[in-house]
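Please keep the sequence and the model at hand while reading.

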4 protein chains.
Amino acid sequence: MTLTPEQLEDIQASRANPQATLRAVAPGMEKHLYEAREVLDHGFVRVIDYMGDDSAIVQAARVSYGAGTKHVSNDEGLIRYLMRHWHSTPFEMCELKLHVKLPVFVARQWIRHRTANVNEYSARYSILDREFYIPQPEQLAAQSTVNNQGRGETLQGAEAERVLRLLKDDAGRAYDHYEEMLSQDGQQGLARELARMNLPANVYTQWYWKVDLHNLFHFLRLRADSHAQYEIRVYADAICEMVKDWVPAAYSAFEDYRMGGVNLSAKGVEVLKRKLAGEDVTQESSGMSKGEWRELMAAFE
Amino acid sequence: MTLTPEQLEDIQASRANPQATLRAVAPGMEKHLYEAREVLDHGFVRVIDYMGDDSAIVQAARVSYGAGTKHVSNDEGLIRYLMRHWHSTPFEMCELKLHVKLPVFVARQWIRHRTANVNEYSARYSILDREFYIPQPEQLAAQSTVNNQGRGETLQGAEAERVLRLLKDDAGRAYDHYEEMLSQDGQQGLARELARMNLPANVYTQWYWKVDLHNLFHFLRLRADSHAQYEIRVYADAICEMVKDWVPAAYSAFEDYRMGGVNLSAKGVEVLKRKLAGEDVTQESSGMSKGEWRELMAAFE
Amino acid sequence: MTLTPEQLEDIQASRANPQATLRAVAPGMEKHLYEAREVLDHGFVRVIDYMGDDSAIVQAARVSYGAGTKHVSNDEGLIRYLMRHWHSTPFEMCELKLHVKLPVFVARQWIRHRTANVNEYSARYSILDREFYIPQPEQLAAQSTVNNQGRGETLQGAEAERVLRLLKDDAGRAYDHYEEMLSQDGQQGLARELARMNLPANVYTQWYWKVDLHNLFHFLRLRADSHAQYEIRVYADAICEMVKDWVPAAYSAFEDYRMGGVNLSAKGVEVLKRKLAGEDVTQESSGMSKGEWRELMAAFE
Amino acid sequence: MTLTPEQLEDIQASRANPQATLRAVAPGMEKHLYEAREVLDHGFVRVIDYMGDDSAIVQAARVSYGAGTKHVSNDEGLIRYLMRHWHSTPFEMCELKLHVKLPVFVARQWIRHRTANVNEYSARYSILDREFYIPQPEQLAAQSTVNNQGRGETLQGAEAERVLRLLKDDAGRAYDHYEEMLSQDGQQGLARELARMNLPANVYTQWYWKVDLHNLFHFLRLRADSHAQYEIRVYADAICEMVKDWVPAAYSAFEDYRMGGVNLSAKGVEVLKRKLAGEDVTQESSGMSKGEWRELMAAFE
């Protein structure tokens with residue numbers, strides 16, 4: 001278990017004390033509040049706060065479109081319409097605040113999503129814990145031979161063992177030396193802002209991360225995708241489970257139009273039209289590059 | 001009164017139905033929820049939702065600074081420290097959603113603050129109401145003779161009357177013609193997206209506006225300032241009253257360090273040092289331009 | 001012609017004086033520099049500055065992907081790959097600065113694109129010119145009966161004449177009164193920040209607008225789209241012509257994947273798969289709403 | 001020297017080939033273009049492109065303020081006025097693109113400035129070089145005893161030697177194992193996206209970073225400050241030298257109003273007023289906390 005006894009106590013105290021509010025309440029999300037959902041070997045995601053629900057999206061859309069939205073019969077239909085037509089601002093009216101514990105190399109990918117608020121644990125101020133991500137054996141994959149940024153088969157036998165041993169030993173030794181450099185026992189002790197540079201990218205950090213629902217969906221589309229690196233995808237998957245309970249109608253539209261959707265180019269539309277008309281189109285006759293053709297066929301086979 | 005009976009009923013219904021939540025609750029803000037605070041002749045501001053409170057700021061800061069914050073004795077002291085040292089990210093952990101009704105020329109200034117989420121009433125979809133901002137007589141000011149973007153003395157007598165009459169007549173006539181062009185009675189009726197171009201900049205629009213506390217403070221610093229145009233300042237003032245009840249410690253630090261604070265240039269610091277050392281510094285001997293000198297003297301007289 | 005003699009002289013002076021630079025130069029864009037391309041009756045777009053070219057996109061991508069990009073045979077292929085896979089950051093490495101003169105109601109739509117830099121003419125400081133957008137007769141359209149935010153047939157005869165007359169008369173009168181209120185001839189003169197509220201939304205304003213290529217493409221996708229309001233679409237179209245000459249490979253990929261592309265939902269993919277397999281799918285058997293079905297059929301008929 | 005022969009050749013080729021442009025050219029910046037300025041032991045900063053100059057700031061301001069700016073006698077005076085009054089948008093009209101090579105722990109601080117465009121070298125696609133930041137002996141500082149995030153005295157003798165040895169050995173070993181895990185010699189070879197997690201935070205990465213001048217100044221104010229960590233401050237200092245040559249008037253205003261300036265709270269203003277009036281104010285009679293008082297006294301002693 002990744003949470004300390006103090007943190008667990010803190011969670012229980014927070015959950016024991018419901019208060020009255022006049023704000024929109026999402027019952028599906030209340031059950032997630034403060035609870036840490038474990039991810040990887042020492043990581044977690046937990047909801048610290050949220051603003052809005054499915055109705056808040058509809059309410060904001062109705063401010064914009066006024067009487068113009070009346071013909072859409074119900075909230076779910078309106079939310080699907082907004083998602084389909086990339087009317088993103090109503091989704092920005094919901095906000096989520098998460099507490100995430102994650103390896104530094106995952107944090108480095110994550111932070112590239114700029115439209116969010118972040119407070120990260122500072123290793124200039126404080127000492128990092130001795131916690132490192134060590135992959136499960138089934139996640140120890142070889143470099144993909146077809147995809148420059150992907151994984152291939154799982155490593156086996158002696159190679160797998162050697163990799164695991166190297167990762168563990170190097171992390172442990174790096175942390176021992178981190179502590180040794182920091183120590184003020186019989187020496188001055190190196191500044192924390194310098195000592196941290198000895199720690200590898202699988203050390204865990206943590207942060208509060210706050211984002212609106214539109215930008216969260218953008219994050220999830222990229223990071224819950226099958227091409228995302230496994231170690232960030234498991235965080236995205238965990239967040240998806242929470243979002244599904246928070247804003248079920250919006251999440252369902254997101255799944256249909258974004259996660260399960262396909263972007264066709266003009267050339268792709270042309271190929272499908274020709275095929276629908278019974279023509280036998282090949283890559284050569286499509287005008288597409290091999291890569292584009294392969295991706296199109298993969299989507300429709 | 002600016003709210004329709006339907007809106008008032010809606011507010012009462014929302015306020016009649018408190019629900020239990022495990023989230024942070026700010027009692028001072030609950031009392032504002034949904035209540036419309038009137039601004040100008042037809043405008044209002046009302047809180048639709050909020051996330052976080054003073055404790056949420058502290059909580060986020062403690063994630064960042066870990067043990068490093070322990071020496072600050074209390075929450076208020078830590079919040080003041082954060083504000084003084086421009087540690088802005090913990091303030092971003094609070095979020096506010098407002099419903100605002102405001103004249104278009106005010107909306108045009110307001111929207112320049114880009115880090116916010118907005119859903120505005122769309123005059124392409126829907127028809128605007130016959131509501132225009134007409135200044136109170138004491139707000140009918142002459143062009144300032146010293147400030148290119150400011151107001152001077154209040155207009156008097158016949159000139160004031162003429163201005164009021166022109167504003168009222170032109171707005172009324174523009175709206176009559178707007179309706180006449182839109183009408184489908186015996187004619188096709190002009191498209192709404194075209195007809196709206198006939199309406200003057202004092203017509204009222206409305207929007208949902210959502211912003212984090214750090215960016216809200218930036219907005220308030222500029223717009224609650226005495227140099228801001230009166231018509232946006234009254235909105236900023238109304239929001240200040242709400243924020244004060246929502247996050248009293250953060251608001252108090254904001255008042256001290258931002259609203260009541262002064263930015264000195266290196267030259268300004270030098271002048272004050274010389275004065276503190278008993279020297280009689282003049283504009284000529286200060287190395288400052290006349291404008292800079294005047295502003296410095298104004299701050300310390 | 002919308003430019004003053006002073007502005008024309010200024011343009012000619014700027015264009016007469018090429019200087020040497022070591023930066024990337026896009027010959028296709030140099031020919032546009034400073035030249036005003038007329039839009040609507042008094043508006044224009046002109047390029048003030050640009051940064052980067054197609055090669056700058058490739059160069060940035062090769063920093064990110066290093067040896068990983070070597071297998072893509074050429075720059076155009078790499079740019080297409082980046083566009084297809086939503087790798088947006090290399091496109092952010094190009095930047096464009098425009099000077100735009102446009103009606104206020106167009107500016108209000110435009111400014112909703114937040115990721116851009118703007119300096120707009122301030123009617124608090126300065127007096128607006130007597131210039132208003134009056135639609136050409138063929139643009140005077142009725143409200144669409146099928147689309148809440150669209151136009152239908154062109155107005156005819158007496159109705160068209162009446163609308164044109166109302167728009168012209170109201171604008172002219174509003175401007176007369178604006179000047180009358182501002183006048184300091186025998187009176188104090190109303191403050192500019194107040195007098196401007198009398199001007200209708202078809203008055204022209206102007207601004208410098210600076211944006212990166214990724215966000216520009218996002219703007220163009222929405223605003224050069226056939227569903228965009230005509231009065232902003234003509235600006236987007238004018239900008240498209242410039243971008244095409246500036247970054248021809250990126251623009252070509254944008255046309256194929258964004259402007260001419262189609263986003264399919266998971267349901268849409270399913271329908272097409274069934275049709276490709278020879279099944280006769282109807283709206284009822286598709287699981288789609290009527291709106292979704294209609295849009296899907298429109299894309300593939 | 002940190003650049004490879006290929007990179008040096010590339011720089012020379014780029015610099016050998018000036019082209020004609022009609023855009024604004026900043027002669028002071030042309031001399032920096034492409035040249036790598038060395039920072040730390042393996043890092044560098046070099047200018048890849050820029051947009052605008054001091055005149056571009058003035059030009060944009062004059063669009064906004066129109067005739068209202070005529071009374072400011074010259075460009076430098078106007079730039080100082082804009083900086084003093086926080087009119088930030090004209091500074092956003094200049095843009096800078098840098099190529100930076102920097103240790104990962106510096107990159108992690110840097111990326112927190114969100115309003116910028118970034119393309120970073122991807123260790124998923126490509127293999128990182130064997131280059132690590134090892135501090136110079138005079139930078140090996142002990143933890144500060146008064147500042148939780150600062151450095152104290154320089155480490156001496158055996159402690160300094162031990163720290164240096166640990167940093168070098170751990171980095172070298174981590175890289176050996178990184179290569180060993182990646183190797184496809186007689187084994188499958190671990191995926192790059194996994195192997196990278198073994199590398200410590202002092203490994204070098206590189207990126208293209210593009211930012212507007214307003215946000216660059218914000219970055220420089222925080223990172224060229226004496227409280228910033230030395231390892232990022234040296235990058236900020238290097239950039240300051242470039243900016244000074246690029247936009248000398250803006251940089252001079254920045255130095256006076258931001259770098260050398262002081263923000264006083266309302267309480268601080270009150271204290272100075274009392275002191276200027278001859279009163280002997282103490283911390284106790286100031287109403288300030290000890291920390292605030294100490295900082296105020298430090299600024300004016």
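Domain 1 of chain A and domain 2 of chain A bury about 1,400 Å² between them, with 51% of that area on carbon and sulfur atoms; buried area here is the accessible area (1.4 Å probe) that two parts lose on being put together, summed over both. Of the area that domain 1 of chain A buries against domain 2 of chain A, 38% is supplied by A:Arg124, A:Arg130 and A:Phe132, more than by any other three residues. This is a predicted model, in which local features need pLDDT of at least 70 and side-chain atom pairs count only at pLDDT 80 or more, while totals for chains, interfaces and linings use all residues. Residues are numbered from 1 along each chain as its sequence is written, chains are lettered from A and ligands numbered from 1 in the order in which they are written, and side-chain values use heavy atoms, with hydrogens and water left out.

**Domains of chain A**

- Chain A is divided into domain 1 (1-133 + 202-261), domain 2 (137-200) and domain 3 (263-301), with bounds that come from an automatic or database domain assignment.
- The C-alpha centres of domain 1 and domain 2 of chain A lie 29 Å apart, and 16 residues of domain 1 are in contact with 15 residues of domain 2, contact meaning heavy atoms within 4.5 Å.
- Four salt bridges are counted between domain 1 and domain 2 of chain A, a salt bridge being a side-chain nitrogen of Lys or Arg within 4 Å of a carboxyl oxygen of Asp or Glu.
- A salt bridge joins the side chains of A:Asp176 and A:Arg130 (2.8 Å, N to O).

**Chain D against chain A**

- The area buried between chain D and chain A is about 5,500 Å², of which carbon and sulfur atoms give 48%; on the chain D side, D:Arg108, D:Arg124 and D:Met197 lose the most area to chain A, together 14% of what that side buries.
- In this interface 61 residues of chain D are in contact with 60 residues of chain A.
- The count of salt bridges between chain D and chain A is four, and the side chains of A:Arg108 and D:Glu120 meet in a salt bridge at 2.9 Å, N to O.

**A:Arg223**

- UniProt, in an unreviewed entry, places the feature "active site" at A:Arg223; UniProt positions are given in the numbering used here, feature names are shortened, and annotations may be inferred rather than shown by experiment.
- A:Arg223 lies in helix H8 (residues 213-223) of chain A, where helices (H or I, at least four residues) and strands (E, at least two) are DSSP runs, numbered from the N terminus.
- With a relative accessible area of 15%, A:Arg223 is buried; buried means under 20% relative accessible area, exposed over 50%, and partly exposed in between (1.4 Å probe, protein chains only).
- Apart from neighbours within four places in sequence, the residues in contact with A:Arg223 are A:Gln109, A:His113, A:Ala228, A:Ile232, A:Arg233 and A:Ala236.

**D:His87**

- D:His87 is found in the loop between helix H4 (75-84) and strand S4 (95-103) of chain D, and D:His87 is buried, with a relative accessible area of 18%.
- Leaving aside neighbours within four places in sequence, D:His87 is in contact with B:Gln149, C:Tyr125, D:Tyr65, D:Tyr81 and D:Leu82.
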